[in-house]
Amino acid sequence: MKFETALTITLVLTLSMPLAQVFAADAAAGKSAYEKTCAGCHGADGKGNAMLGAPNLTDEVWLYGGTLADVRQTILKGRNGRMPTFGEQLDADRIHLLTAYVYSLSNK
Ligand code: HEC
């Protein structure tokens, strides 16, 4: 499914769903963006890659915090010169969906 299609479906569903389901739909919609943009370093399953120094995103261990705000900040601004900055190349909707997806990996 194209990203734009997924986003539209998410927005349409949002109108009639409780918050937890809205969030789950956003997280699901973020998966394909994750696979394209992040999986190269953090792995398709999000478990990280020790050789690249890319941490596991599926556990409870966080270098920079695991709240939605922390994860969003990490994606927007990068971390420590090693986690790239995505705030310039991804739009706000995509950052939102990616944040929801990453958060969902450790909050099932
Ligand atoms: C070029 C490889 C690379 C790519 C691509 C990449 N990351 Fe990272 N990421 C890293 C590294 C390396 C770190 C650890 C930085 C450090 O140790 O200070 C990191 C850290 C993180 C953290 C912080 C983890 C923690 O424990 O606090 C999150 C969240 C994260 N990345 C999410 C993403 C997302 C989402 C994407 C895709 C939009 C992405 N990363 C793309 C290499 C990458």
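Q: What percentage of the 108 residues of the protein chain count as buried?
A: In this predicted model, a residue is taken as buried if 20 or more other C-beta atoms lie within 10 Å of its own. Of the 108 residues of the protein chain, the share that counts as buried is 20%.

Q: Which pattern does the protein chain follow when read along the sequence?
A: The protein chain holds five helices and zero strands. Read along the sequence, these elements give the pattern α-α-α-α-α.

Q: Where do the buried residues of helix 4 fall, seen down its axis?
A: Helix 4 spans residues 68-77, and its buried residues are Val71, Thr74 and Ile75. Seen down the axis of helix 4, these buried residues fall within an arc of 95°, so they line one face of the helix. In an α-helix there are 3.6 residues a turn, so residues three or four places apart point the same way. The buried residues of helix 4 therefore fall on one face, within an arc of 95°.

Q: Which helix is included in what covers the buried residues of helix 4?
A: On the other side of helix 4, Ala69 and Lys77 are exposed. The buried residues Val71, Thr74 and Ile75 have a cover that includes residues 92-106, which form helix 5.

Q: In which helix of the protein chain is confidence lowest?
A: The protein chain averages a pLDDT of 90, and 86% of the residues score at least 70. Confidence is highest in helix 3 (residues 39-42), at 98. Where pLDDT is low, the predicted coordinates should not be read in detail. The lowest confidence, at a mean of 66, is in residues 3-14, helix 1.

How values were computed:
Residues are numbered from 1 along each chain as its sequence is written. This is a predicted model: local features need pLDDT of at least 70, side-chain atom pairs count only at pLDDT 80 or more; totals for chains, interfaces and linings use all residues. Helices (H or I, at least four residues) and strands (E, at least two) are DSSP runs, numbered from the N terminus. A residue is buried if 20 or more other C-beta atoms lie within 10 Å of its own, exposed if 12 or fewer, and partly exposed in between; C-beta atoms are placed from the backbone. The arc is that of the directions from the helix axis to the C-beta atoms. Two residues are in contact if their C-beta atoms, placed from the backbone, lie within 7 Å. pLDDT is the predictor's confidence in each residue, from 0 to 100.
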